[in-house]
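User: I am new to reading structures, and I would like to learn how the terms used for them are decided. Could we go through some of them together?

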Amino acid sequence: MPQSELGQIEPLLQEFDNTRANLIPILQQIQATCSYLPQEALRRVARKLQVPLSDVYQVATFYRCFSLKPRGKHLVQVCLGTACHVRGGQKVLERTQVETGVDAAGTSADMQFTVEAVRCLGCCGLAPVMRVDKTTFAHVEQTKVRGLLTRYRPRKPATSEAEKTPAVPAESTLVHGGDHA
Amino acid sequence: MPNHGAYPLRSLEDLQAVAELGRQRISPAQPKIMIGMATCGQAAGATEVLEAVREVVAQDKLPYVVSETGCIGWCSQEPLLDICIPGRPRVTYGRVTPARARQIIRALPEPKPQWALATMPGDENTLTGYYTSYLAGEDTPLRGVKSYRDLPLFKRQLRIVMRNCGLIDPASFEEYIARGGYTALWQALRTQTPQQVVDGVTKSGIRGRGGAGFPTGRKWQTVREAPGSPKYVICNADEGDPGAYMDRGVLEGDPHSVLEGMTIGAYAMGASEGIIYVREEYPLAVARMKDAIRQSEVAGLLGANIFGSGFGFTVRVVTGAGAFVCGEETALIRSIEGKVGEPQQRPPYPAVRGLNGKPTCINNVETWANVPVIIARGGEWFASIGTPGSKGTKVFSLVGNIENTALIEVPMGTTLAEIVYEIGGGIPGNRECKAIQTGGPSGGCIPASKFNLPVDYDSLTAAGSIMGSGGMIVMDDHTCMVDIAKYFLGFLEDESCGKCFSCREGTQRLKEIVQRISEGHGVDEDLVLLEELSWMVREVSLCGLGQTAANPVLSTLRYFREEYLEHIHHQRCPAKVCRQLITFAIDPVTCNGCGACVQVCSGKAILGEKNKLHTIEQAHCTKCGACMDICKFDAVTVN
């Protein structure tokens with residue numbers, strides 16, 4: 001675990017009382033700061049709260065919002081709620097996985113993206129829906145995924161392979177709100 | 001929040017002074033522009049619209065007020081922008097872009113009829129019972145624009161829970177009070193004993209809005225009588241059902257209504273501490289609730305000695321960590337205690353032994369938001385709405401394949417046909433309605449032939465579904481019921497906490513069988529096995545998740561058995577959804593070789609030069625259907 005991360009965690013731990021009820025809020029804070037739960041951080045939390053490390057590990061692996069592995073720079077959450085499902089959410093997820101090149105664990109080799117399915121973002125009226133970091137996008141049909149992700153990709157030199165692949169037709173490039181004809 | 005010198009609020013007069021400030025904010029002397037800034041509005045682009053409006057108003061030095069509001073429920077038309085001109089009906093514009101917003105603003109003070117969806121001549125406040133007209137004189141209708149009163153989407157609605165959503169700025173404490181907020185709290189604390197409050201709730205006949213429908217009054221009475229101190233009240237805002245977002249709408253659009261309800265409940269039950277458990281997928285709801293708590297603390301409506309009554313109450317927000325099962329009350333309590341969210345054996349019920357082993361009342365967001373109205377209007381008034389067994393109204397999220405995707409609130413007993421065809425405007429594209437899914441993963445699919453069913457707790461249960469929290473997903477004939485059963489089983493398999501063998505293994509095996517059927521490898525005996533296994537999972541599992549896990553299978557088997565048999569006997573998916581049973585092809589006559597499909601094909605399976613006929617190489621086709629989605633000439637067919 002890098003020294004810089006440890007440096008962030010210590011002051012964060014100071015903010016909480018040593019009660020068991022604080023376990024989940026502490027882990028949430030660490031996850032928000034480091035984008036994952038480093039092993040050393042889990043040890044320190046266990047020591048602070050005086051609970052067995054196995055308890056901390058159990059909680060960290062039970063809840064979906066925690067990750068034990070570093071995540072990519074951008075977190076892409078594809079909604080698989082029922083409304084999104086009937087409007088092609090599964091296809092959107094698969095397309096997103098292909099476009100970002102993530103592995104089975106959900107993170108791309110260049111650490112640019114982590115893709116995960118989420119249960120429901122509660123924007124069912126605008127299905128299918130996707131959230132990238134803190135921005136929620138409406139009406140993201142599978143054909144719009146590539147255009148949407150473009151803005152989250154690192155800038156590449158003009159001659160790279162990516163530039164040569166034909167772009168998705170302009171009208172399906174998603175601007176917030178999608179196709180308001 | 002400015003301190004008006006009146007804080008802490010001690011009396012009705014103090015409230016009225018704040019209400020006056022709120023009224024000036026709701027109906028200022030200048031034209032007011034409101035933008036719906038709930039999460040769904042923002043997803044549709046409301047943030048950009050708001051920025052554009054602010055920019056125009058600043059640039060042109062226009063004397064207009066710009067304000068945010070919550071979700072009025074017209075989801076299909078987001079982002080929404082409203083113009084309120086003193087003495088005239090409010091005008092709602094839909095699908096507003098920044099460019100359109102600028103044009104709308106620059107046309108003021110005369111509202112543009114173009115892009116206008118509806119006009120609102122006034123509103124009825126179900127809390128106070130008063131109708132407020134916005135008009136100074138005659139109604140001045142906009143050319144060709146309907147009134148909210150005449151719109152099928154709104155005219156059948158009765159808004160008790162959503163009384164303020166889309167009408168007030170959710171960040172404004174004063175505006176909430178101007179709509180009668182916190183008078184019910186004053187009334188309860190200063191004019192009623194705790195037992196009288198419980199009696200009022202019992203008389204109202206309200207049942208828990210989280211899904212199970214337990215009588216709220218009875219729960220309150222139990223907590224009130226249970227020995228132990230301190231007592232807790234919890235707001236369950238872990239709205240996990242996919243396809244449901246009623247609670248988010250209320251938390252984001254009217255957070256104080258929930259706080260007020262909880263404070264009244266705490267007084268009635270003798271609780272001193274409240275917790276709002278919000279799922280982490282709702283960051284805006286968390287922020288709104290935290291703001292509302294802070295405002296109430298400043299105003300003295302939380303803390304010690306509220307309204308000088310001697311009663312004290314504090315509330316905090318706990319954020320969930322992403323586990324569906326935590327919507328179950330005992331799992332939710334474990335989660336607040338910092339443990340894994342595994343449900344516990346009941347009894348003892350949380351009402352007797354809950355958080356930290358103390359009596360705890362857990363109610364859903366919608367239940368709490370109803371409470372101030374029940375106190376203000378009386379239990380009898382509330383009980384006059386709805387059906388004999390289900391009182392009041394219910395908020396539903398009407399989504400899926402429906403013309404008006406919306407958040408609606410209707411009296412209990414409204415029929416599914418009224419909801420789908422009248423309020424929802426039917427199915428888009430002249431397609432046929434096949435079924436409606438209610439109750440989330442614990443619910444079931446009700447076929448269109450049963451749409452004369454009144455929506456109440458008992459009728460839905462009798463039909464093999466449940467009321468649940470209020471998600472209604474409409475499905476057209478492009479939806480495969482085997483696929484839907486597989487979808488929910490996959491959901492439950494993932495979300496089962498793993499404590500009970502029956503649920504952990506049962507959902508997995510059920511899913512495997514349905515998966516097999518969807519791939520065309522099913523046999524007749526599979527249906528018998530499905531029913532037997534479903535029965536076992538239901539009977540043996542500990543909590544609601546397991547006990548209802550088989551509902552999606554059982555209800556689809558009950559009403560759509562033919563569709564299962566079609567998959568089994570003929571390896572055919574009538575809705576053309578199950579991938580192993582369909583093939584895509586390009587019609588040689590219609591294809592003009594535009595190349596759009598080649599670019600989107602995820603399997604690089606489409607061959608053909610530009611302007612020449614394209615063909616699909618079946619061996620590489622992933623059946624994603626992107627070619628069909630993108631083809632403008634309907635040249636891609638599926639069989």
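Analyst: Let us begin with contact: two residues are in contact if their C-beta atoms, placed from the backbone, lie within 7 Å. This is a predicted model, in which local features need pLDDT of at least 70 and side-chain atom pairs count only at pLDDT 80 or more, while totals for chains, interfaces and linings use all residues. Residues are numbered from 1 along each chain as its sequence is written, and chains are lettered from A and ligands numbered from 1 in the order in which they are written.

User: Which residues does Val129(A) touch, not counting residues up to four places away in sequence?

Analyst: Val129(A) touches Cys79(A), Cys84(A), Leu121(A), Cys123(A), Thr136(A), Phe137(A), Ala138(A) and Val140(A), and also Ala43(B) from chain B, when residues up to four places away in sequence are left out.

User: What makes a set of residues a nonpolar core?

Analyst: The members must be buried Ala, Val, Leu, Ile, Met, Phe, Trp, Tyr or Cys residues joined through C-beta atoms within 7 Å, where buried means that 20 or more other C-beta atoms lie within 10 Å of a residue's own (exposed is 12 or fewer, partly exposed in between, with C-beta atoms placed from the backbone). The largest such core has 232 residues, of which Val129(A) and Tyr277(B) touch the most other members. Its largest share, 9 residues, comes from helix H18 (residues 481-495) of chain B.

User: Why is H18(B) called largely enclosed?

Analyst: Helices are DSSP runs of H or I with at least four residues, and strands are runs of E with at least two, numbered from the N terminus. Because 12 of the 15 residues of H18(B) are buried, this helix is largely enclosed by the rest of the structure; among them are Met481(B), Phe488(B) and Glu495(B).

User: How do you know how the span of H18(B) compares with the expected one?

Analyst: The expected span is 1.5 Å times one less than the number of residues. H18(B), with 15 residues, reaches 21 Å from its first C-alpha to its last, close to the 21 Å expected.

User: What makes both faces of E17(B) covered?

Analyst: Gly471(B), Ile473(B) and Met475(B) on one side, and Met472(B), Val474(B) and Asp476(B) on the other, are all buried. Since 6 of the 6 residues of strand E17 (residues 471-476) are buried, the strand is largely enclosed by the rest of the structure.

User: Which strands pair with E17(B)?

Analyst: Two strands pair if DSSP finds at least two bridges between them. Strand E13 (residues 393-400) of chain B meets this in the parallel sense over 4 bridges, and strand E15 (residues 433-438) of chain B runs antiparallel to E17(B) with 5 bridges.
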